[in-house]
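Please look at the sequence and the structure first.

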Amino acid sequence: MASKKIKKPAVNNKKITDLAANTEDGTGQFLTTNHGVKINDNQNSLKSGERGSSLLEDFILREKITHFDHERIPERIVHARGSAAHGFFQLYQPQGQYTKAKFLNDISVQTPVFVRFSTVAGSKGSTDLARDVRGFAVKFYTEEGNYDLVGNNIPVFFIQDAIKFPDLIHAVKPEPHNEMPQAGSAHDSFWDFVSIMPESMHMIMWAMSDRALPRSLRMMEGFGIHTFRLVNEQGKSVFVKFHWKPLLGVHSVAWDEAQKISGKNSDFHKQDLWEAIENGAFPEWELGLQIVAEKDEHKFDFDLLDPTKLIPEELVPVQIIGKMTLNRNPDNFFAEAEQVAFHPGHIVPGIDFSNDPLLQGRLFSYTDTQLSRLGSSNFHEIPINRPITPVHNNQRDGHMRQTINRGTVANDPNTIAQGCPFQAKAMEGGFTSFNERIDARKVRARSASFHDHFSQATLFYNSQSEAEKSHIVSALRFELGKVERETIRIRVLGLLSQVDKDLAQKVAAGIGVDVPKKPEQPMNMSFGADVDPKRVQSKNVKQAIEKSAALSMANTIKNSIKSRQVAILVADGVNETAVTQMKNALVAGKAVVKVIAPKLGLIKGINGGVVKADQTFLTAASVLFDAVYVPGGAKSIAALLEEQDPVHFVNEAYKHCKAIAIDDEAIELLNATYIARSVAGASEKEMAKSGVIVNASHKIFIKAIAQHRFWDREKKDKVPA
Ligand code: HDD
């Protein structure tokens, strides 16, 4: 796809922080105060005698403690927990027919980007593996100013109008009286809100699916969600939806696994992203566009302005136009990931907004929130937020102003400075809004074209594989099982029954209430205060298609083991030759291999060699790996069996449907697990089909790891947690 004629990159991914020239590195330097005075003793405060009280005049102590006392800033209201990285975006083909944005027209430019991934509901210190939507925010430092694509890993949203956002977030955040639960939607206030907001049902299907439990931030899709506009040089506009497609495919973990990872390593995603970049396994996504001509605005069974709807790829294919690569970790988490300020309103010429009422509200919220979070209207001067283009305007002063504006005037128009800085005409790159015709009454109302709340929820459910459907049922049983008020559970079942009757029945069977015969409707407030809800009810609009392949992760890329984590379980007496051979084969496929043993240090092999243990059974856990290999060596297997933790390790990997390779000599360990019961009588070939590979080639194991998971096992067998 990429053009071969790519010239030398114009920007070449320079360090954004370096561009801002605010970096500091103390190597080889004396310790100083913030005012540059060299410090002679950083261990003792100034006292009246060695055992006396500290002196107020100790400016070194006071400065240090004062700075420390003010180190924290308010965490983000939502998306507080995040991980970020630098990289670049490179275009495959110029998009001039749709947009005049320069970074979407010049294939020779590598546009620097800074990307922040996040969970939504949890606090900054919460776990990475919460069941939640993931934020996917990209800042493009273009030569025409910063462009932010502030999206999520799910292509739709819970609500249709921004005025409901504070309610949604209050409902999902910990309940106000007792601040529980942290980073979880499984509680009464969230499901109470959902139960009377049918517009959330499509998003609920996604949030209850495994999409809300990514295996890695590198293995999630990203979506701009809203319909935006692209505008070309001639002022012609098309509608557009933005997609990020990960080159590693879209993969998830199991819910039981997610909960355990939260205990074993709550930084699982953060660490995974960090290590992948440090190891040179740079995460990559292709940028795709779904383009809709203006004349086709009304040709769909849904409204393009409704953010609870997606455009099925069968109706409008995604055109891949470029690739983003993340290749550098931040130097300082706070300065970069914490202080970065995204805003859907940061656009450049050639991109514009649609009238999506959720987007319109966002356009206010993001600058506003930075004022309390970052504390000043000068947050754009923080290095990570600065554009690579120079900034010239008459805005002045404010808390912590960095720029020293020269000259005698700060007003426009002026003659004193010969009218500088000038306005730019459109042909000179000045931003002009799309010239949309508007002729309407001022109303507080929702368009009737927004009243279908279920048909795309049904489309999503229909598009899932059997395993994915059963995970949605389990997730809903879990979430509603934690809801104490029975009336809420019943109302949600009423909504689910309008998505899919069978789904509602299956969920009902696990939560002790029946699906209501006639779902309750009248509490839906979305249609407006003065509208009789009995007259205007949610209505299903038949969708043009019944299934969409792009909605199921079962159809994703499964041809690589790049950056997958594989555990090799060993003890003294292991066949170290087998370990080395397997390790070499996996590393050649760019997997990451960790040897786990009862103790750290060197493990003796049967052939006179040694294997170095990376972790012990105390520090490692199967939930932190994608696959496991047990090599032979009778003594090693006897020692592993004595430990018992290795048996649990393999059982758990089996429960979570991972690829498992066992050498013939290690079969006794297999016999001690639940796997033996479940595969009893099966041939080695049949076992390999379900990802349990006995004595097979490296190639077969590698293929199995690339498959990600063997979800069918769940149907056959229940392994205790
Ligand atoms: Fe938002 C942060 C994504 C609706 C108000 N939002 C935030 C972040 C992401 C999103 C990824 C984190 C950015 C970062 O990493 O710093 N938000 C979305 C998406 C939405 C959405 C995809 C719907 C399609 N958001 C939304 C609405 C409102 C907000 C309707 C308010 C009316 N969002 C905020 C915020 C945040 C934010 C309060 C918190 C921190 C920040 O902005 O900088 O202003």
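What follows describes the domain layout and then one interface.

This is a predicted model, in which local features need pLDDT of at least 70, side-chain atom pairs count only at pLDDT 80 or more, and totals for chains, interfaces and linings use all residues. Residues are numbered from 1 along each chain as its sequence is written, and side-chain values use heavy atoms, with hydrogens and water left out.

**Domain layout**
- The protein chain is split into domain 1 (31–71), domain 2 (82–385), domain 3 (453–554) and domain 4 (558–715), with bounds from an automatic or database domain assignment.
- The centres of domain 2 and domain 4, taken over C-alpha atoms, lie 36 Å apart.

**Contact and buried area**
- In domain 2, 17 residues are in contact with 17 residues of domain 4 (heavy atoms within 4.5 Å).
- About 1,500 Å² is buried between domain 2 and domain 4, 55% of it on carbon and sulfur atoms; buried area is the accessible area (1.4 Å probe) that two parts lose on being put together, summed over both.
- R215, H251 and E257 supply 31% of the area that domain 2 buries against domain 4, more than any other three residues.

**Salt bridges and composition**
- Four salt bridges are counted between domain 2 and domain 4 (a side-chain nitrogen of Lys or Arg within 4 Å of a carboxyl oxygen of Asp or Glu).
- K260 and E652 form a salt bridge through their side chains, at 2.9 Å from N to O.
- The side of domain 2 that touches domain 4 has seven nonpolar residues (Ala, Val, Leu, Ile, Met, Phe, Trp, Tyr, Cys and Pro count as such), seven charged (Asp, Glu, Lys and Arg) and three polar (the others, Gly among them).
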